[in-house]
Amino acid sequence: MGFLSKKHLLGLAETPRKDIELILQHASSFKEVLDRPIKKVPTLQGKTVVNLFFEDSTRTRISFELAQKRLSADSVNFSTSGSSLKKGESFKDTARNIEAMKIDCIVMRHPAPGAHIHLTHYVDSVVVNAGDGTHEHPTQGLLDMMSLMEAKGKLDGLKVAIVGDITHSRVARSNIHGLLSMGAEVTLCGPPNLMPVNVQELGISVNYDIDEVLVWADAVNVLRIQRERQGVSYIPSVREYRDLFGITRERIERLKEPITIMHPGPINRGVEIDSDVADSENAIILDQVLNGVAVRMAVLYLLLGDQPEAS
Amino acid sequence: MKGETLPKLFLIKNGDIVDPANGERFNGSILLKNGKIEKIGKRISAPEAEVYDTGGKVVTHGFCDLHVHFREPGREDKETLATGADAALAGGFTQVCAMPNTDPPLDTPESIRFVVEKGSDLSVKIHPIGAISVGQHGKELTELGAMVKEGAVAFSDDGIPVMESGLMRRVLEYTTLLRVPVINHAEDLTLKLDGQMHEGSWSTRLGLGGIPDVSESIMVNRDLELTAMTGGRLHVPHVSSAKSVEWIRAAKEGGLDVTAEVTPHHLFFNDGNLHSYDTNFKVAPPIRTEEDRVALREALKDGTIDCIATDHAPHTIEEKEAPFDWAPCGMIGLESAFGAAWKVLSEAEMELEQVIAALTVNPRLAMGFDENLFSNGREAEITIIDPDEEWVFAAQHLCSKSRNTPFIDHSLKGRVKATISSGRLFEQ
């Protein structure tokens, strides 16, 4: 049993504040390791982690893999996607077969919301959610919070805007739950047909006026936009999206106070965000990427580690 | 086949006899001779008869379920007519209407005849419902008249909504000739899209695609308007939302001849039950909010909804073990139906007689079946219930071939103790 109050990391909705604080603390310590000439600690030597990716991913998978290597864990990758997922061996059988080879942890990305809860019914290993469909992406939420913490010095009372397609965003859901637990305020902005029903009940505000939102916010997390999803049109055109919700240079230049710019990637430059803004000094997008490795090291250590790290 | 053959003379004694067709309730006995009702009365003397002393339990009509999926032909791994019939018997049902979404679908007179013949010597009566459109494709009408001659009792493309209003109009018009109901699974697919559960606070939290309540009520309203226009006979299956209830209530107040059903699971659960992504809760139409649940219960109480029907929908373990998005819709419900319904309805202070009517006389009237079961000379269809027994539902109570029910481990109230059907006695 690890050092968090739960065996698995499935989502930030059910992760208590003290666990988030512990993860962020350890992530800062591990980040120092990443600045060393030898970027490796023996913390998880002898532990085996399988990265089970049922959906395409580059950065999240590499980030998890690097985190595992930095901690000296043995890691194995399994990737599949598309139709083979539905036709081939069931997800339960895949997971059980892998576990039969004696492993300690499964890091899984899966296109179906809730797949991780099902996985915990099938295996005894520790399960880390690396994204389950449109539900949660807890390590992304954690790395976003770590980056905000570094940029702003605190999360309590911080005003954070999340802009884009909220309905289909696991990043938005994990950020909402995590930020609210840590005392931040959250406002959502985006096309009304991509705003989930009753979303205010989570404890956030909705404002469809991007300029008002940017004036209000200390930081804005810009989500990747897709015009269509499964053949259904939600956004009339890129031009119109930019006009109503785009984080453009003009909008940012009009602000009296600087605003921290975040993006979970991959960026559609010129669509949801201008290149100038994404590359500006207030953008912490690459810090997010680096912090991703540190946060994942902290999560894996706290779930799998045997002794508390002296920090 | 479950149950034992009835003795030649069989006396059900000391029963709390509830006859929903004639609105009577009295303590008495029923004498059966060769499986037929010989006599019903307060005191019956029959020294040669084998005696079944109910000890004061409720003795009433066999239940009638307007909505089951028995999967034969095509998916006999999930259920067959025989195993489905046994599940029905265990749940106190003596007649069921089987939906046509088999493989191939029941869309020809020959396939209707197959079900009638194969079902003829089973433990309960199985009435096939024919498909509205060839292949359930929503385009071309099936041979409705020939199917009625072979035994089809209603028409439905169940599972697949009739999206085209023109087709819905034509089938409602055509069936005025045949005097059978049309049953349309009301869900506007362009609003449902890839929805997985009720669209509301819980779908937002769980990140599952939402199915708005209006996807049902819009189509219910369309069907009611087409019924008024054509003079057809509409039965609305598995009503799930308060908004649909309002349309049906208004139509009935306006004098429209329409009937409706609700499932025990829509009366029992709400969308919060999906929090753990248990695929046994994935049904179509979806389980909706607590407000909807209460509205359905009140609609059953005030007669807006006439019947309780199970929508018994067996699926294999491996299909239901899929991630939520890919698992098929449906749960089985025959064995748990009475205990689940009576638990929530008795808590809401609904009278036992009224709940029994929603399981017996009302569905039979909706289909135009003979509803006066307690008449001399009629083949016995009797269900014996202990309405006070509280019990925990478990896999061992299932007679179905499948196990996809979220009622397992739930405490239910009221239990079917015995069912008499097709000359047989089944005891729990």
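B:Gln136 counts as buried because it has 21 C-beta neighbours inside 10 Å. Here, buried means that 20 or more other C-beta atoms lie within 10 Å of the residue's own, exposed means 12 or fewer, and partly exposed is in between, with C-beta atoms placed from the backbone. The phi angle of B:Gln136 is near 55°, which is positive even though the residue is not glycine. You'll find B:Gln136 in the loop between strand S9 (125-128) and helix H3 (144-150) of chain B. Helices (H or I, at least four residues) and strands (E, at least two) are DSSP runs, numbered from the N terminus.

Before going on, a word about the model: it is predicted, so local features need pLDDT of at least 70 and side-chain atom pairs count only at pLDDT 80 or more, while totals for chains, interfaces and linings use all residues. Residues are numbered from 1 along each chain as its sequence is written, and chains are lettered from A and ligands numbered from 1 in the order in which they are written.

Now for another residue of this kind. B:Ser422 is no glycine either, yet its phi is positive, at about 50°. B:Ser422 sits in the loop between strand S18 (411-421) and strand S19 (424-427) of chain B. Is B:Ser422 buried or exposed? With 24 C-beta neighbours inside 10 Å, B:Ser422 counts as buried.

Next, look at the cis peptide bonds in chain B. One joins B:Asp103 and B:Pro104, with omega about 0°. B:Pro104 belongs to the loop between strand S8 (93-98) and helix H2 (109-119) of chain B. A cis bond also runs from B:Ala284 to B:Pro285, where omega is near -5°. B:Pro285 is in the loop between helix H9 (264-268) and helix H10 (290-301) of chain B.

Five strands form an open sheet in the order S10-S11-S14-S15-S16, and the pairing is parallel. Two strands pair if DSSP finds at least two bridges between them. At the edges are strand S10 (155-156) and strand S16 (307-308) of chain B, each pairing on one side only. Strand S15 (residues 258-262) of chain B pairs with S16(B) in the parallel sense over two bridges, and B:Val262 stands opposite B:Ile308 in S16(B). Helix H7 (residues 214-230) of chain B packs on this sheet, touching strand S14 (234-236) and S15 of chain B, and its direction makes about 165° with that of S14(B).

Over in chain A, strand S3 (residues 105-110) runs parallel to S4(A), and five bridges join them. A:Met108 stands opposite A:Asn129 in S4(A). Strand S4 (residues 126-132) of chain A is largely enclosed by the rest of the structure, because seven of its seven residues are buried.

Axes are lines fitted to C-alpha atoms, for helices over the stretch in contact, and angles run from 0 to 180 degrees between N-to-C directions.

| Helix pair (chain A) | Angle | Axes apart |
|---|---|---|
| H6 (residues 138-152) and H7 (residues 170-181) | about 55° | 8 Å |
| H4 (residues 91-100) and H5 (residues 115-122) | about 50° | 10 Å |

H4(A) and H5(A) are therefore oblique to each other; angles under 35 degrees count as roughly parallel, over 145 as roughly antiparallel, 65 to 115 as roughly perpendicular and the rest as oblique. Their contact involves A:Phe91, A:Lys92, A:Ala95 and A:Arg96 of H4(A) and A:Ala115, A:Leu119 and A:Tyr122 of H5(A). Two residues are in contact if their C-beta atoms, placed from the backbone, lie within 7 Å. H6(A) and H7(A) are oblique to each other too.

Finally, where do the chains meet? In all, 19 residues of chain B are in contact with 25 residues of chain A. On the chain B side, helix H6 (residues 201-206) gives the most, with four residues.
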